[in-house]
Amino acid sequence: MFVKRGLVNCGCVLRAVGDIAREIDTSRYQNGKDDEYGGDEDADIKGYEDTHVMIFIGFGFLMTFLKKYCYSALGFNWLLAALAIQWALLCQSFYHMKDNTILLTKKSLFEADVMSATVLITFGAVLGIASGAQLLFIALVEIAVGCLNLYIIGDIFKASDVGGSIGIHTFGAYFGLGVSTALRIKKGEVPEASRLDGPNYNSDITAMIGSIFLWIYWPSFNSALTVSPAEYQRAIINTYLSLAGATVTAFVVSSMVNHQKGKFDMVHIQNSTLAGGVAIGAVCNMFITPGIAIAIGIGAGILSVCGYRFLTPALEKIGIQDTCGVNNLHGMPGIYSGILSILFAALATSERYGPELPGIFAAMESGRTAGGQALYQLAALGVTLLLSFGTGVITGLLAKLPLFEPLKESDRYNDEINWELP
Amino acid sequence: MFVKRGLVNCGCVLRAVGDIAREIDTSRYQNGKDDEYGGDEDADIKGYEDTHVMIFIGFGFLMTFLKKYCYSALGFNWLLAALAIQWALLCQSFYHMKDNTILLTKKSLFEADVMSATVLITFGAVLGIASGAQLLFIALVEIAVGCLNLYIIGDIFKASDVGGSIGIHTFGAYFGLGVSTALRIKKGEVPEASRLDGPNYNSDITAMIGSIFLWIYWPSFNSALTVSPAEYQRAIINTYLSLAGATVTAFVVSSMVNHQKGKFDMVHIQNSTLAGGVAIGAVCNMFITPGIAIAIGIGAGILSVCGYRFLTPALEKIGIQDTCGVNNLHGMPGIYSGILSILFAALATSERYGPELPGIFAAMESGRTAGGQALYQLAALGVTLLLSFGTGVITGLLAKLPLFEPLKESDRYNDEINWELP
Amino acid sequence: MFVKRGLVNCGCVLRAVGDIAREIDTSRYQNGKDDEYGGDEDADIKGYEDTHVMIFIGFGFLMTFLKKYCYSALGFNWLLAALAIQWALLCQSFYHMKDNTILLTKKSLFEADVMSATVLITFGAVLGIASGAQLLFIALVEIAVGCLNLYIIGDIFKASDVGGSIGIHTFGAYFGLGVSTALRIKKGEVPEASRLDGPNYNSDITAMIGSIFLWIYWPSFNSALTVSPAEYQRAIINTYLSLAGATVTAFVVSSMVNHQKGKFDMVHIQNSTLAGGVAIGAVCNMFITPGIAIAIGIGAGILSVCGYRFLTPALEKIGIQDTCGVNNLHGMPGIYSGILSILFAALATSERYGPELPGIFAAMESGRTAGGQALYQLAALGVTLLLSFGTGVITGLLAKLPLFEPLKESDRYNDEINWELP
């Protein structure tokens, strides 16, 4: 019953997307005159296929950790992402049209995939809590606001954020926490035996499929928008080292802070191992040296595990759910990455960066100082936090309208509501 | 017991393949004189690795949806594909030898992978119904006939079918339905409780691994044989949009036509989401514009879900099994794609396509008109349908010989027959 | 409790890695002056991403076949590999520094991934038997010795081993068997019902995820270090054919030698299918012709299945555990590949290999004869066997110290020891 409106909603959007897309003039990329718009180099973009795996397999399976919400995790992840990429192609292109014409290239698809990640991060915050109709509504608003935010921090501020730690991870996490804050309800007493908001042995294993694929392809994600072979390799190497550092650290810290001392907690392993990829995102193409990359990963691992262990339960006590702990995987590591980007921008000199400078800090070539760049990095982080949390709260409040058929508490974390089960 | 003959059979083929392959002169690609045969550019073929994942992980896991046939689904998928790729390398090369020499390149491997897809589609139609010996026999015949069909429609008719929607998907599906028609037996009464031809919660999740990987890499599959960067990007973008359109549509229509109104059916989500990739296959490199690509996907989603909901049960009533519903995923969307290719060929003009024309419609450069090309597209579709269904029925009839040890009804959909279970 | 020391141990190493890495001067790859060190071509290394999937998804999931050790299999695989790649970057680079400077490129990451495979192979031998602390200790020693071995056989002997069958697979397997020999304990009587050292229906399916991904990407692994397009294609094609041959053979032989005649054994299917990739590894870039490639795969399939069926139980009787049967998947096929490399090196002529010669047999260009090369291949195999088994035994003996808290027999194959289970 309750997804009906969502689907009608979704059908309308779909038609809209179809209609608008029909007007996109793609003759440019179709006429084979490559020199006219320079889109052919976009055919060589590295990282598109790997990122595609992250979005659909990575996020999808990572969220199958709940024992009775696997169908919904995989299904909604797919539905939301498939809708988001169409919508994101339009919203993003809105800021980059030439002569009122949208030019689609393979790179556009990559950027749409990346944009859809914000929606999936937000989905992680309200996994099992939001209804199908609410999720579709949230997705549509978030993509529109997220593209605006990217335009502000990228095109206006010219902040450096090659791996999207500020514009994607931080944005998605705090938009999600905003929504979750608005949706918060007084929690009833659910008997332990009937609680569905936990894993079983099998669901934790399928979640590892997602987690490991995200980990594997994160270097491809962070390096996809680099412009020179040297910048590309720096991004790959630094991300790889940061992830490796965070992984070892997540195991060490998990066994140290766990209730049962010396044992690992699967939640930390599935998530905090990835925090190194987020934390290095905004600075992975800068000159940070491998030792610092590992150190950044170690910091991210500590921050993330401690967040899962201490902060998430505290938030839950005041009614703010964060089912996947996106604050610990994307939120705080994203802020951490933003702060690092302020620091490394302030340290940048044209002597050190040489011909690599304009690819990383575009505005510094045209006279902006390192200090100025650092301030813009700070502004990018600040605007992202405000815009994401603020519009997240508003979106969450709107999503509570009966129109979007919110879930009763007893219907949470349950595939039964949305699926014909075997 | 009953796989013994199949294995002997298989062993013979294996020896034959080995013997013949031993005679393949590969000195050409081995002597490093690249300019002599132009094979080095084949080293750069995009899409080979992704397609390899589709064949072995994609098809393999998609078929694990049956609760007690997962070992067989994965095992036979692997065995059949590993045999088919060796056999296809020979059968395909038979039509393209130079000086009685088969030249193998990385592109040959891609083409062998694609050819093996026909066998796996057919396997989907008779999943759990055909014995191991029958499957091996079917595979050997199908590859031989399928390569002949590809030669007719590609080399003789010069029809355009870059994603193989006609030559691979339509062929595999109707060959499978032909086999299934021949194998049809009067269905006994199996008590509901002991029926094995359905999923359980876990098997539906492992099936999603296959389904999502097929979805992710479909753009790579459809675009692998394109020749210019512009054609490559068109194929990627159109396939991506069609898949996205089909996915959203599959969810919407699934919840609309389901027995339990408003709920999703996992069968539709696993399969109809992919119909967009089949439907766009024959036209994805043509000038169709993004809006039309999405519309094609929407059509495919509707066609496929309705097929699963209404047509498959009707076919089952008259005794024709189609375990995976390949008619709804590969068959009807393949025909749909063939019809679209007739339409877009008829609309092609050299003004519009410019330098891209010869890469897409090879014969139009040497004087064939758009109308003529459309007729050849029609001929390709017609020949494929006739040849696949006809030889499928004959193969199915031969497969009923005791030599191939057909399964009793009580042995269907059961790993117990073929595997030592834990 | 008992992982505590391991983690302290691990923490120390981590700090060491961080400290040393901090001193690596990466300004070379960071200053964008590409011509200075020639590292930019390393940005184009094929096979890195695919190999990354093999290491973390492939090995990880392949080892989930035990019913109550899936968390540990995935978790320790991840932890060990993440530690090993950091440590391997240092150990490998130690032999290739210029001006006391370690230059990291994307190729270095590939090589670190490959090196970590030795640790994971060894892990397979003692899966469920070694404690966390033991595993960390083993990993650190093995990487150091393994890098030394690679330096001896590659840089000093200049043996040809493009797919690492000698230096990685053989080394990892016999190091593991050495450890296992040292760890062997008198086996108590464990009642059948409570035995954990076997699969269940689900765990065998998740193991197939790993197995198939290993199979799919093996051609990428074997071909990654080739230097010309022709050599690259030979490596890809030969590996592909050998794997296909081994796969069909594994099915045939499995059903022939099985306890229940005519049925397949999942252990053989998960592992012996891959033996073709190991067996072809050292010779896949040589001029061996496709027929021989298939024949090599067939031989590997027979060798591996018979090993699982007859040799592993025999070893177990004398107390040497080999949980994953690495001797049958990596050990014997690795020796087989080494012997093949002796043979094909002896047959190599500069007439036949032409300009491809120096890429494959570097020392033959500077005067070494084919016979000499063959002797060096033999020496490489011999040194690898001695060094791996010898240091494996010593490492195993040291690992029995109480410091590394060995497992009691009743704690084997049990996630309960290391994980907080749901």
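This report covers how the chains of a predicted model meet.

**Symmetry**

Chain B superposes on chain A with an RMSD of 0.0 Å.

**Chain B against chain A**

Chain B puts 60 residues into this contact, and chain A puts in 63 residues. Together they bury about 5100 Å², with 71% of that area on carbon and sulfur atoms. On the chain B side, B:Tyr201, B:Tyr240 and B:Phe264 lose the most area to chain A. Together these residues make up 16% of what that side buries.

The copies meet through different surfaces, because only 7% of the interface residues of chain B are also interface residues in chain A.

There are 13 residue pairs in polar contact between chain B and chain A. Several helices of chain B give two or more residues to the side that touches chain A, among them H9 (201-223), H10 (229-257) and H13 (290-317). H10(B) gives the most, with 18 residues. By class, this side of chain B has 34 nonpolar, 17 polar and 9 charged residues.

**Chain C against chain A**

Here 63 residues of chain C are in contact with 60 residues of chain A. The buried area is about 5100 Å², and 71% of it lies on carbon and sulfur atoms. Chain C and chain A have 13 residue pairs in polar contact. Helices of chain C that each supply at least two residues to the side touching chain A include H1 (4-23), H4 (48-62) and H9 (201-223). H5(C) provides the largest share, 12 residues. By class, this side of chain C has 37 nonpolar, 13 polar and 13 charged residues.

**Salt bridges between chains**

Chain B and chain A share 2 salt bridges. Chain C and chain A also have 2 salt bridges. The table gives one from each interface.

| Chains | Residues | N to O distance |
|---|---|---|
| B and A | B:Lys263 and A:Glu416 | 3.9 Å |
| C and A | A:Lys263 and C:Glu416 | 4.0 Å |

**Aromatic pairs**

The count over all chains is 59 aromatic pairs. One of them joins C:Phe76 and C:Phe123 edge-to-face. Their ring centres are 6.4 Å apart, with 85 degrees between the planes. This pair links distant parts of the chain, 47 residues apart. C:Phe76 sits in helix H5 (residues 70-94) of chain C, and C:Phe123 in helix H6 (residues 106-125) of chain C.

Conventions: Residues are numbered from 1 along each chain as its sequence is written. Chains are lettered from A and ligands numbered from 1 in the order in which they are written. This is a predicted model: local features need pLDDT of at least 70, side-chain atom pairs count only at pLDDT 80 or more; totals for chains, interfaces and linings use all residues. Side-chain values use heavy atoms; hydrogens and water are left out. Copies are superposed by least squares on the C-alpha atoms of residues with pLDDT of at least 70 in both. Contact means heavy atoms within 4.5 Å. Buried area is the accessible area (1.4 Å probe) that two parts lose on being put together, summed over both. A salt bridge is a side-chain nitrogen of Lys or Arg within 4 Å of a carboxyl oxygen of Asp or Glu. A polar contact is a pair of N or O atoms within 3.5 Å; within protein, one must be able to donate a hydrogen and the other to accept it, and residues adjacent in sequence count only if both atoms are side-chain atoms. Helices (H or I, at least four residues) and strands (E, at least two) are DSSP runs, numbered from the N terminus. Ala, Val, Leu, Ile, Met, Phe, Trp, Tyr, Cys and Pro count as nonpolar, Asp, Glu, Lys and Arg as charged, and the others, Gly among them, as polar. Rings of Phe, Tyr and Trp (its six-membered ring) pair if their centres lie within 6.5 Å; planes under 30 degrees apart count as stacked, over 60 as edge-to-face and the rest as tilted.
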